[in-house]
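Please read this briefing alongside the sequence and the structure.

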Amino acid sequence: FQTYFKNSEGPWKAAINTVRRRNQENCPLSQPLFLGTAQPQSRKRKWNTQLIIPATSTNKNNSEEDREKNHVDLYSMNESFPVEQLQTFSQLLQNIHHLEFPSQMGSVLTNPLLLHYMNCIKDDSIYLRLYYWMGQTLQEECTWCVADNYGYEEEFKDFLETVYKTECFLQEGFSSCEEFLYKSLPLWDGFCCRSQILRLVSWIPLSSFSEMKSHLYDPLAQLFFTSSLYFKCSVLESLKELLQNWLNWHVIHLDSESDSQAHSLNTTLSGLVNVVAELIHFVGWISTVALRLENNPTFLLYFILDFYETVCDIYLRYNLPLLIMPPAGVFYPALLSMDSVSLNQLCYIMYRYRTNLVAAKENELSKKKILQFKFSSQTYQEYNQYIIAMVGCLWTSSAFQKDIHPQGLCMDDELLKKTTVQEFKTSFNIVYHPAMMGYAVLFLQQAWPDDTTFNFSLIKENWYLEYLYAQGLKGLKVFIESSINRVSQAS
């Protein structure tokens, strides 16, 4: 910390001064304090001017006449080709081996042709120059780390947005951005440049869990638990994209030995499995706590289940031997949700878990090469416990008696009778479930329009299921066809 920020008290004093300025716009700031070794002079040389390729990037001071006279020679292999004259993709292909990069590396971020060049030509010197410039700029322009930068928040937002778009274009994160996030997140208030920071988080390159926990997970968790519902959902969305980027990286580099050697830090298959598993466990933990803090809102539950839609398909879709079930603190709120969208989403997730687990078991029995890690029996056990709970709720009306999960719904009949709820056994089946009650009422109105008693016992399961499927509940459909029908046939 002392190495990166010479004055360790500077950030806190800068933060206090920033809050004072926000509360008292007319109150002048005290003496500016900076994180760097000296006061940055970036106000005289605006960073955004470096995003434009200079008029000339060549060391030769040729006149316009000489340039026109030697225009043809520029395409020859013996001459360098200045990037300010690069206008088309065909020019890039013709001169890709003798491009002369600009002195201002920031201009690369806004030039798609130069970004294509970086993707094609793995020149370490270009990346090192870009990372050095970007690291310096991020440190000097950070609005919550440097007290004098408060008035330049919009400019800093634009810069972060440009960096994020570049990472999306290259499909890889910058190490300088990773370092900036690790150093600045502990000082971040979760408000300034929120959207841009969380987008950059989604492109953090693979690294060891010890680094991720102390530099990313811990500061992010502190903000997560103390911030608004919207912030929590934004963090979950960012972590889902981070997981997808890691998994996509794995798929792309799966069969590339050279890339595996180039990215040797924890990117072996076992290292990747461990890092991805820790991310999933972290999201499971913060999701469980957040649902308790926010009293299980549907909006939050949607983002949590959206994350697990990626998790449940990791084995088959991304060819990674890893399957992790959602914690009980996520599963049961979704199963007992008041909203049909959450219940339908959970049904689809459990269907995909079953598909992945069956494929894993088949590959294990056939000893296929694809399975390099044996799945824990605890994973299968937890899945079976969840399935018993879901079938007991939605179909057999026996969840209170047969749910065997330690954190499940199993309760004594005497305790259930004290609730004074009539027919408590059917409280969460497919007809009486709070999330499905609206569909049941509409079905009765259409099937028996003259009946005003709302007699739910008239509902026949086959007709009712067809009605539900027609309403777009595809997750419920595949779950019933894959799990409930199978259990019924076995019975």
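Lysine 361 lies over the face of tyrosine 380, at 4.8 Å from the ring centre; a charge counts as over a ring if NZ of Lys or CZ of Arg is within 6 Å of the ring centre and within 35 degrees of the ring normal. The model is predicted, so local features need pLDDT of at least 70 and side-chain atom pairs count only at pLDDT 80 or more, while totals for chains, interfaces and linings use all residues. Residues are numbered from 1 along each chain as its sequence is written, and side-chain values use heavy atoms, with hydrogens and water left out.

**Lysine 232 and its surroundings**
- Lysine 232 sits over the face of phenylalanine 224, at 5.8 Å from the ring centre.
- The side chain of lysine 232 also meets that of glutamate 294 in a salt bridge (3.1 Å, N to O); the term requires a side-chain nitrogen of Lys or Arg within 4 Å of a carboxyl oxygen of Asp or Glu.
- This pair links distant parts of the chain, with lysine 232 in helix H10 (residues 229-252) and glutamate 294 in helix H12, 62 residues apart. Helices (H or I, at least four residues) are DSSP runs, numbered from the N terminus.
- Lysine 232 is buried at a relative accessible area of 1%, whereas glutamate 294 is partly exposed at 27%. Buried means under 20% relative accessible area, exposed over 50%, and partly exposed in between (1.4 Å probe, protein chains only).
- Phenylalanine 224 is 8.6 Å from glycine 190 in space, C-alpha to C-alpha, and 34 residues from it in sequence.
- Glycine 190 lies in the loop between H7 and helix H8 (194-201) and is buried, at 3% relative accessibility.
- Neighbours within four places aside, glycine 190 is in contact (heavy atoms within 4.5 Å) with Leu223 and Phe231.

**Other salt bridges**
- The whole structure has ten salt bridges.
- In helix H22 (residues 474-490), glutamate 481 and lysine 477 are four residues apart, about one helical turn. Their closest N and O atoms are 2.8 Å apart.
- Lysine 157 and glutamate 153 form a salt bridge at 3.9 Å, N to O, and both lie in helix H6.

**Aromatic pairs**
- The count is 23 aromatic pairs. Rings of Phe, Tyr and Trp (its six-membered ring) pair if their centres lie within 6.5 Å; planes under 30 degrees apart count as stacked, over 60 as edge-to-face and the rest as tilted.
- Phenylalanine 156 and phenylalanine 180 have ring centres 6.3 Å apart and planes at 75°, so the pair is edge-to-face.
- Phenylalanine 156 lies in helix H6 (residues 153-170) and phenylalanine 180 in helix H7 (residues 175-184).
- Trp144, Phe156, Phe180, Trp188 and Phe231 form one aromatic cluster.

**Nonpolar core**
- The largest nonpolar core has 145 residues, and Trp144, Tyr464 and Leu468 are among those with the most contacts inside it. Such a core is a set of buried Ala, Val, Leu, Ile, Met, Phe, Trp, Tyr and Cys residues joined through side-chain atoms within 4.5 Å.
- Helix H12 (residues 269-294) gives the largest share of this core, twelve residues.

**Cysteines**
- The count of disulfides (cysteine sulfur atoms within 2.5 Å) is zero.
- Cysteine 177 is buried at 2% relative accessibility, and cysteine 312 is buried at 0%.

Key. Helix = DSSP H or I, 4+ residues; strand = E, 2+ residues; numbered from the N terminus.
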